[in-house]
Amino acid sequence: MTVGAGDIEAVFRAEYGRAVAVLIRFLGDIDLAEEAVQDAFTTAVAKWPETGIPPSPAGWIITTARNRAVDRLRRESTRAARHAEAARLHAPDEPVEEGPVRDDRLRLIFTCCHPALAPQAQVALTLRLLGGLTTPQIARAFLVPESTMAQRIVRAKAKIRDAGIPYRIPRDADLPERVKGVLAVVYLVFNEGYGGREDLCAEAVRLGRLLVELMPDEPEALGLLALMLLIEARGPARATADGDLVLLADQDRTRWDPDLITEGQALVRRCLRRNRPGPYQIQAAVNAVHSDAPTAAATDWGQILQLYDQLMNLAPSPVVALNRAVAVAEVEGPETALALVDKLDLGRYHAFHAVRADLLRRLGRHTEAVQAYDAAITLSGSAPERAHLERARAALAGT
């Protein structure tokens with residue numbers, strides 16, 4: 001079997017986060033762990049085309065990375081203590097730390113979501129370490145310049161190093177205060193995956209299930225899992241056979257995954273019975289309304305608007321206001337919605353311009369709509385999404 005760059009990239013996407021999480025637990029050093037894993041993948045690029053992908057590629061990467069890290073510690077060591085530390089790290093049968101979180105990747109998220117770090121730094125750092133996301137990708141998720149995000153990640157690493165924050169499993173008592181950041185991380189991993197990284201979607205759902213097992217009485221964990229499942233259920237209908245993006249209103253709903261919808265809706269009902277609403281639960285309820293509608297025309301937009309009103313009261317943000325405006329357009333018309341959208345400060349967010357473009361198109365303001373499509377195309381980080389926007393712009397420019 002010929003091993004190409006795409007095969008190794010697939011392993012990178014699937015195993016990077018796990019490898020980094022394991023190495024951080026062994027080394028207690030973020031930068032060294034990242035460098036060691038990257039070195040291991042560089043070695044894989046050189047060797048695997050000749051030797052083939054090993055039976056356990058993750059194990060190969062982790063072992064190679066660990067050996068590289070040990071070699072580097074020994075090479076750079078100037079004191080006996082450093083040699084001893086390298087020898088300890090090289091020990092093959094190191095006991096596994098026990099505690100409430102036994103999954104390395106989930107443990108890494110909880111570790112990075114330490115209260116000593118600012119919430120945005122917690123999320124950014126974990127996205128970098130867990131998903132192998134680049135700084136530009138993370139900056140796009142946060143709607144901030146790349147330089148700002150780079151500085152944020154560097155400061156977070158320095159804070160962990162200088163404050164001596166331990167890489168250990170959090171105690172049960174530590175879990176509740178860290179759950180908000182953990183949920184945010186998992187959801188952003190899922191969102192990044194939904195832009196074309198199916199492996200990240202699968203990882204986010206896996207972590208979501210672990211969180212529900214770990215904290216079964218946390219309704220927002222239930223809500224997040226329900227939200228991801230209901231969105232993931234539409235995955236088979238999101239693209240044509242040629243890979244073209246299909247918007248929700250145009251999707252063939254017979255292609256939606258009924259098992260995921262059933263599971264997601266059941267979780268939403270569990271949340272409703274608890275009567276402790278939160279942002280993820282409300283967003284899950286919005287998607288449950290969509291999944292209930294047999295056709296786009298049958299969607300209960302009035303109920304969706306009420307849910308967004310509730311979400312704006314609980315967790316107001318410009319992005320929530322933008323999504324609410326989409327519902328307003330269906331209930332009260334595009335002119336009312338556009339007035340709301342134009343008040344939002346979301347100039348760096350591609351979806352803001354895409355929504356504006358569609359509203360302007362519906363109002364017959366085609367020249368302005370084309371300009372809005374141009375802005376959305378420039379800012380979009382997803383190739384299928386850009387292609388869809390380009391097609392919409394071309395159709396409008398030809399009228």
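**Ground rules**

I noted that this is a predicted model, in which local features need pLDDT of at least 70, side-chain atom pairs count only at pLDDT 80 or more, and totals for chains, interfaces and linings use all residues. Residues are numbered from 1 along each chain as its sequence is written, and side-chain values use heavy atoms, with hydrogens and water left out.

**Entry 1: H1 and H2**

I began with helix H1 (residues 5–27) and helix H2 (residues 30–51). Helices here are DSSP runs (H or I, at least four residues), numbered from the N terminus. H1 and H2 pack at an angle of about 145 degrees, and their axes are 9 Å apart. For the record, axes are lines fitted to C-alpha atoms, for helices over the stretch in contact, and angles run from 0 to 180 degrees between N-to-C directions. I found the crossing of H1 and H2 to be right-handed (the near helix is turned clockwise from the far one by less than a right angle; anticlockwise is left-handed). On the H1 side, the contact includes Phe12, Tyr16 and Leu23, and on the H2 side Phe41, Val45 and Trp48 are among the residues. Contact means heavy atoms within 4.5 Å. I read the residues of this contact of H1 with H2 as 18 nonpolar, one polar and one charged.

Phe12 and Tyr16 have ring centres 4.8 Å apart and planes at 40 degrees, so I logged the pair as tilted. Both sit in H1, four residues apart, about one turn of the helix. Phe12 is partly exposed at 26% relative accessible area, while Tyr16 is buried at 1%. The cut-offs are under 20% relative accessible area for buried, over 50% for exposed and partly exposed in between (1.4 Å probe, protein chains only). Phe12, Tyr16 and Phe41 form one aromatic cluster.

**Entry 2: H9 and H10**

Next I turned to helix H9 (residues 175–194) and helix H10 (residues 198–214), which pack at about 155 degrees with axes 7 Å apart. That makes H9 roughly antiparallel to H10 (under 35 degrees is roughly parallel, over 145 roughly antiparallel, 65 to 115 roughly perpendicular and the rest oblique). The crossing of H9 and H10 is left-handed. Phe190 and Tyr194 are among the H9 residues that meet H10, whose own contacts include Cys201 and Leu211. The residues of this contact of H9 with H10 divide into 14 nonpolar, two polar and two charged.

Phe190 and Tyr194 are four residues apart in H9, about one helical turn, and both are buried.

**Entry 3: two single residues**

Beyond residues up to four places away in sequence, Asn287 touches Leu227, Leu230, Ile231 and Arg234.

Leaving aside neighbours within four places in sequence, Ala321 is in contact with Met312 and Leu344.

Conventions: Helix = DSSP H or I, 4+ residues; strand = E, 2+ residues; numbered from the N terminus. Nonpolar A, V, L, I, M, F, W, Y, C, P; charged D, E, K, R; others polar. Phe/Tyr/Trp six-rings, centres within 6.5 Å; stacked < 30°, edge-to-face > 60°.
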